[in-house]
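Subject: Structure handover

Hi,

Please find the structure below. My notes on it follow.

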Amino acid sequence: MNKIFVPILRSKQQAQYKALKSLSSLKDFSKVSTRIIPYIELKKDITFATQNKYRIALETTTHFIEYYDENFNEDNFEDLIAKTKSIAFSSNTIPSLKLDFKLFYYHKNIIIDLIKFFHANNQKFALRLTNYINLNDIKEVLLNLNENDFLILDNEFSSMQTKIILSNYHSIAKTLRNKIIFFSTERSQQPAKVYKNLDYTNFCNYDLINFLKNNKGFYYHGIGSYCGAKADNNEIGNSKVPIEAIFFEYSFLMNKFFIIKSAIKGNISTIYTELTKYLSEIIDKNLNDSPLKEILELNGYSLVKLKEIILKQKSTHKNSTASNYIELTIEHYIEEMIHYYLINN
């Protein structure tokens with residue numbers, strides 16, 4: 001079984017669609033292009049201009065589209081269904097609906113009608129289910145999915161242990177063809193700590209991905225995770241936290257993120273320049289046993305982009321930006337997943 005990888009991105013950062021435009025340039029992307037399906041979360045009220053940027057970036061790439069409502073509750077459930085129906089039909093676009101298990105259970109008939117709506121229009125469809133308990137309770141809905149559809153099981157915000165959540169998975173696994181598992185709990189975890197002396201941070205809940213890596217025979221078809229900027233010490237809206245420049249680096253082999261920070265704190269428009277100077281020194285001295293170890297060893301497109309950031313700063317004397325490093329984080333993360341999960345799995 002060829003596994004797939006689903007990078008999850010939200011539409012609030014320009015760096016995210018810039019990274020999507022660079023997909024074909026990532027190291028070894030051509031070898032696994034059909035096995036990477038980006039999952040794009042669009043705000044329900046997003047502007048047409050922003051939507052169009054994503055359409056252009058993904059026009060030749062199969063991708064999931066989900067509309068989300070930051071203030072979602074049961075009262076606007078029907079609005080979300082209508083918005084999901086409005087997703088443009090395309091051979092490359094797979095509409096997706098994200099629902100909590102309880103809402104899913106209580107609105108089973110509406111979900112079945114939604115599945116039939118997309119099938120009537122020869123459209124693939126994806127159901128993203130969070131906080132799931134017993135899949136057999138919604139088996140009548142899941143059996144309406146066909147071999148081209150996707151069931152996405154997401155342990156986001158779940159307080160249950162992974163092995164308990166998945167305890168009933170085998171009972172329904174063989175009846176569904178395309179099953180993706182998201183390990184997105186990092187969005188609710190504590191901020192990362194400083195990378196120091198090759199001690200990787202452990203600020204995410206890695207139970208799920210570790211379970212999958214240690215159980216090769218487990219019957220699933222792919223994994224997904226948020227791959228933008230991860231939680232950090234610069235909590236949004238927290239004026240008491242000094243602003244620092246941060247670059248996240250991911251190690252698939254250790255299944256951990258670590259962060260590299262600027263040596264100074266202060267104005268966001270200048271401190272990324274300090275971080276860029278620091279990273280430039282590491283590259284110039286080829287210190288591959290220090291921060292940047294993973295990105296240097298992989299030697300892919302993300303390293304090229306980092307060198308471009310450094311060169312631009314040296315030649316133009318313009319400040320580096322957080323957007324540069326968010327894009328770089330995404331590109332390096334996907335390259336790691338290509339190399340270790342898709343090619344070597």
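Strand β1 (residues 4-10) is mostly covered in this predicted model, with seven of its seven residues buried. Buried means under 20% relative accessible area, exposed over 50%, and partly exposed in between (1.4 Å probe, protein chains only). Strands (E, at least two residues) and helices (H or I, at least four) are DSSP runs, numbered from the N terminus. Ile4, Val6, Ile8 and Arg10 point one way from β1. Phe5, Pro7 and Leu9 point the other way, and all are buried.

On sources: the model is predicted, local features need pLDDT of at least 70, side-chain atom pairs count only at pLDDT 80 or more, and totals for chains, interfaces and linings use all residues. Residues are numbered from 1 along each chain as its sequence is written, and side-chain values use heavy atoms, with hydrogens and water left out.

What does β1 pair with? Strand β8 (residues 222-226) runs parallel to β1 and is joined to it by five bridges. Two strands pair if DSSP finds at least two bridges between them. Phe5 has Ile223 as its bridge partner in β8. Strand β2 (residues 39-43) is also parallel to β1, through three bridges. There, Leu9 is partnered with Ile40.

Strand β7 (residues 179-182) reaches β8 through three parallel bridges. Ile181 has Ile223 as its bridge partner in β8.

Now the cores. A nonpolar core is a set of buried Ala, Val, Leu, Ile, Met, Phe, Trp, Tyr and Cys residues joined through side-chain atoms within 4.5 Å. The largest has 59 residues, and Phe247, Leu279, Leu292, Leu306 and Tyr325 have the most contacts inside it. Helix α14 (residues 322-343) gives the most to this core, with ten residues. Apart from it lies another core of 24 residues, including Ile81 and Phe101. Tyr325 touches Phe247, Leu279 and Leu306, among others, not counting residues up to four places away in sequence. Contact means heavy atoms within 4.5 Å.

Overall, the protein has 14 helices and ten strands. Buried residues make up 53% of its 345 residues.

Best wishes
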